[in-house]
Amino acid sequence: MTDYLKKQGCLAIGSLMRRVSESISQEVAEIYRQHDLPFEPKWFPVFSLLAEQSPLTATEIADQLGVTHSAINQIAQELIDQGYIESEHDKQDKRRRLFVLSNKGKGVVSKLKPVWVKIRAAIEDLLQESGGQFLPNIYALESCHKKQPLSKRVQEVAHNQQDMQIVRYEPAYRKYFADLNIEWLTKYFTVEKGDEMLLHDPESILAAGGEIFFALTDKKIVGTAALIYRSPEQYEIAKMAVSSKFQGLGIGKKLLNACINEAKRRAAKHVILETVSVLKAAVHLYTKMGFVKYKPDQSPQFERVDTFMRLKLK
């Protein structure tokens, strides 16, 4: 069965991280039970910190753990109910509430420490097996998010989308025609000989009577598509690619429209394209724009192709 969250990629990063976190937490809870330790994984950050630095206020704990004051109070109350920590007023400032490890808590620490050593070793082994870069990447992700929150990044993307331009081929854009196409080809398939011939010689498309369009935003080329001349009445849309960082913003549709409008301007009667059925999002877009499947007279140009579509121009 297909893993839907993996299919969604970075869009589901929060859900994926939560799923992994919950799975590991359940395993850790079971380990505590096996050692007859009445301890919840969610208590670990607060309890461990107090074991090292008692006494601390809720604000001091929240600052060190980077979580909300209310979240700390909730966990602290659960630990108080369990008898692992105690709450007392600061002798110098009665308004300040301090949390300290209780005698029962200190006894539990001595039992937990050897278990934590085993858990740490097991998790380090798991991280190493998965590539060894998970924690550095998480730290970097958190740092980048603090510098520029997701909400501001979305606003920036929206601004770039509004400023999107579809421009025609220029020699300065030559490398992007190959780079963008190779990016998606290597992600899903392989680069065939026919691909290489076109991608590294885009001028041949122009010389044969075609056109190449590029999506330009914030002075960056983020997408491309070629309109290839087949006959006075028929053109083919090919080599359409959008940077993975800018997918889902309607750039593919804008590139398609640019190709279709150019074919209309040249008085063509049909626009055709070759695609692959597993690229469901692309096939859906083509269908939505009026393309219909047909059976061609000739064999496909590329081994991966299994779907042929045609648009009748009015």
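A nonpolar patch joins nonpolar side chains (Val, Leu, Ile, Met, Phe, Trp, Tyr) within 5 Å, using residues with over 30% relative accessible area and no salt bridge. Accessible areas come from the Shrake-Rupley method with a 1.4 Å probe, and for residues only the protein chains shown count as cover. A salt bridge is a side-chain nitrogen of Lys or Arg within 4 Å of a carboxyl oxygen of Asp or Glu.

This is a predicted model: local features need pLDDT of at least 70, side-chain atom pairs count only at pLDDT 80 or more, and totals for chains, interfaces and linings use all residues. Residues are numbered from 1 along each chain as its sequence is written, and side-chain values use heavy atoms, without hydrogens or water.

Val-20, Ile-24, Ile-123 and Leu-126 make a nonpolar surface patch of about 300 Å². Val-20 sits in helix 2. Val-20 counts as partly exposed because its relative accessibility is 44%; buried means under 20%, exposed over 50%, and partly exposed lies in between.

The structure holds 14 salt bridges. Three of them are listed here.

| Pair | Closest N and O atoms |
|---|---|
| Glu-203 and Arg-174 | 2.9 Å |
| Lys-175 and Asp-179 | 2.6 Å |
| Arg-265 and Glu-262 | 2.7 Å |

Lys-175 and Asp-179 are four residues apart in helix 9, about one turn of the helix. Arg-265 and Glu-262 are three residues apart in helix 12 (residues 251-265), so about one helical turn separates them. Arg-265 is exposed, at 59%, whereas Glu-262 is buried, at 2%.

Terms used: Patches are made of residues with over 30% relative accessible area and no salt bridge: like charges are joined within 9 Å, nonpolar side chains (Val, Leu, Ile, Met, Phe, Trp, Tyr) within 5 Å. Helices (H or I, at least four residues) and strands (E, at least two) are DSSP runs, numbered from the N terminus. Buried means under 20% relative accessible area, exposed over 50%, partly exposed in between (1.4 Å probe, protein chains only).
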